[in-house]
Amino acid sequence: MALRLRDREGNRDPRRIEPAEERGLRAIKAGDATGDARAVCRDLLDYARRRKLWIECDCLDGDTEAPVIVPRRNRDGRYSLANRPFARAVHAEECVFRRGELKPAGAGALHSDIVDPAAAMAANPGEGWDPDAAMGPSLPGSPSAGAGDPRVTMSSILGRLVRRARLNRLAEADAHPSPEGWLPGIARAASTFRAASGAPLSGFLFTDPASWRSGAVARVLEAAEPDWPGRGGPTALLCRAARDIDEHEIERGRAGHVRVRRPIAYPILPSLEPVRGPWLFLGAVGRAAADRDWECLAACAWPIVGTDCPIPVDSHYERRALGSLRRLVHGLETDPALNEALGGTVKVELEKPLAAIEVTGGPCLPDFLITAARPGAYDHLPGGPGQARHRGRFDPRDRARYVVEVMGSGDPEYEEKKKVTHARMRRIGPVFRMEGGRFGSHDNPLRRQRERIAAAIADDLTRRWKAR
C-alpha cells in the first residue's frame, strides 16, 4: 500500500511521501508513534495543510475510488489523521487508517456502511421524489444522513447500491444486457453494506420476483425478527426491473406484481417529456404494525435507459441522449484518424454521476461525464485489447474529462440556474450542451448534436496528446 497527496478534486500533488514519512503516518494513526516519528511527518503535514491537500490511501483495488485521510491540527499544534465522515470510499478492513471511520451521525448513530430502510421511512413519512436526495449527500465529504435527516430516502439507498455496483457506468451496464445479468451486481454491492442488525445487507435484498410470491422474503424476516436489535423489526429490500408502475403498484397483472402501502416515489417532471418505463424498483418490506403481515411499505422507482442498460436517467430527454452518447463512445474508440493521431486506441468511459462533485465554488452534478484515457494509460485484462478498462486515479496528463448537460427547458429562470452550475462544471472539464427540445428538429437533431460533441472532443484530444 502507498500513500499520495492529492487535492479535493482528485489531482495528484507532485510532492512525494517518503517511506519514512509513510511509516510515521501509520504509527500516528495506530497510536504508537514516537516523538521521532511525529517529527518526521511534521513538514509533510504542514505542507498538506497549507495547500489544503488530502492523503490518498491505496488500500483498495486499483480500479476503485480511493479513500482519503484528512490532516487536522488541534489547538495545541498536534496533528491528527481523520477520515471524512461517511465518505463513499472506505478503507480496507486491514488498513490502519480505517480506525475511526465509522463515526456516529448524531442521535441516529448510523454509519457509512449501514443501510436502514426503516430509518428512511421514519424520516420521510410522505416521501416524494427528490433528485437531490436520490443522489445522496450534496458534498462527498458531508455527513451522511442520520435518522432525522431528510436525505435518507429510499431513492438515496437505491443510488448507493447502483453506484457501488457501478451500474451508472456504460462499460459495466453494457456488459450485462439483461436484468438477469446486472441484478446480481446489485446483490454483490449489497454485500458491502450492513443491515441495521449488523448482518450483510445482501441477506435482506431480494432480486427474484419469485421470492416475494413464494413467501421467501417473509420467512427470512420472521427468522431475523426475534433477535433484531433496537426498536422496530427487520426490513427487507425488493430490487428488480419493472416495465409498469402506478401510484401504489408495479407490474399489475404480471408475475412481478407488488403493491406498496405508500405512494411510490418516482420523478415527475411536467415541463419535460413524460418519463416512461422501464424502471429500477426498490421496495422496503416490513410490518406496518406488530399485528400486521409483512408488506411492502415504501418504494421508489428510477427510470433507466432500458432493461438492457440499467443506467438511471432523470428524464426522457436524458434517456434519448444517453442512447446517442453510446454511439459517441464507440465512434471515438474506433475513429481511425484519431487513433493514428494519438498513436493508439483511446479508451472512453461514459458515466451518469449519482453523487455531487465538489469543486471550487461549490458542488455540481453533471448529467453525464465522459472520460477519455490516453493510449497506453490503461491496463489490459486477459482477453486482449477488447477487454481493456481504466485503472488508477484520475491524472490530467493521462485522462481528459468532459461534461454533457441535457437541457430540458428554455425558461429564463432555468437558464440562470444552469449558468451557476455550468460555471462550476467547467472546473471538471469542457461543458457541452444537448438541447432536448431540439432532438427531433430538422436543423439541430440529436444526431447532429452528438456529432458536434464528438468532433470537439476528438479535436481536443488531438491537441492534448498528438503523437510526435
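1. Axes are lines fitted to C-alpha atoms, for helices over the stretch in contact, and angles run from 0 to 180 degrees between N-to-C directions. In this predicted model, helix α1 (residues 19-30) packs against helix α2 (residues 35-50) at about 110 degrees, and their axes lie 8 Å apart. Since angles of 65 to 115 degrees count as roughly perpendicular, α1 and α2 are therefore roughly perpendicular to each other. On the α1 side the contact involves Ala20, Glu21, Gly24, Leu25 and Ile28, and on the α2 side Ala37, Arg38, Val40, Cys41, Leu44 and Leu45. By class, the residues of this contact comprise 8 nonpolar, 1 polar and 2 charged.

2. The overall composition may be noted next. The protein contains 13 helices and 17 strands. It has 468 residues, of which 52% count as buried. The accessible surface amounts to about 21600 Å², with 48% of this belonging to carbon and sulfur atoms. Of the contacts between residues at least 6 apart in sequence, 62% join residues at least 24 apart.

3. Ala2 lies in the segment before β1 (3-6), and with a relative accessibility of 28% Ala2 counts as partly exposed. Leaving aside residues up to four places away in sequence, Ala2 touches Glu22, Arg26, Glu56, Cys57 and Asp58. Ala2 and Glu56 are separated by 54 residues in sequence, while their C-alpha atoms are 8.4 Å apart in space.

4. Leu161, Arg164 and Ala165 of α5 meet Gly185, Ile186, Ala189 and Ala190 of α7. This contact of α5 with α7 is made up of 5 nonpolar, 1 polar and 1 charged residues.

5. An open sheet is built from 5 strands in the order β5-β6-β9-β10-β11, with mixed pairing. Strands β5 (205-206) and β11 (309-312) stand at the edges; each has a single partner strand, so one side of each lacks a neighbour in the sheet. The partner of β5 is β6 (residues 236-242): the two strands run parallel and are joined by 2 bridges. Within this pairing, Phe206 has Leu238 of β6 as its bridge partner. Helix α10 (residues 316-333) packs on the sheet and touches β10 (294-306) and β11; the direction of α10 makes about 50 degrees with that of β10.

6. The pairing of β15 deserves a separate remark. Strand β12 (residues 347-351) runs antiparallel to β15 and is joined to it by 5 bridges; Lys347 has Ala373 of β15 as its bridge partner. Strand β16 (residues 399-407) also pairs with β15 in the antiparallel sense, over 6 bridges. In this second pairing, Thr371 stands opposite Arg401 of β16.

Key
Residues are numbered from 1 along each chain as its sequence is written. This is a predicted model: local features need pLDDT of at least 70, side-chain atom pairs count only at pLDDT 80 or more; totals for chains, interfaces and linings use all residues. Side-chain values use heavy atoms; hydrogens and water are left out. Two strands pair if DSSP finds at least two bridges between them. Helices (H or I, at least four residues) and strands (E, at least two) are DSSP runs, numbered from the N terminus. Contact means heavy atoms within 4.5 Å. Ala, Val, Leu, Ile, Met, Phe, Trp, Tyr, Cys and Pro count as nonpolar, Asp, Glu, Lys and Arg as charged, and the others, Gly among them, as polar. Buried means under 20% relative accessible area, exposed over 50%, partly exposed in between (1.4 Å probe, protein chains only). Accessible areas come from the Shrake-Rupley method with a 1.4 Å probe; for residues, only the protein chains shown count as cover. Angles under 35 degrees count as roughly parallel, over 145 as roughly antiparallel, 65 to 115 as roughly perpendicular and the rest as oblique.
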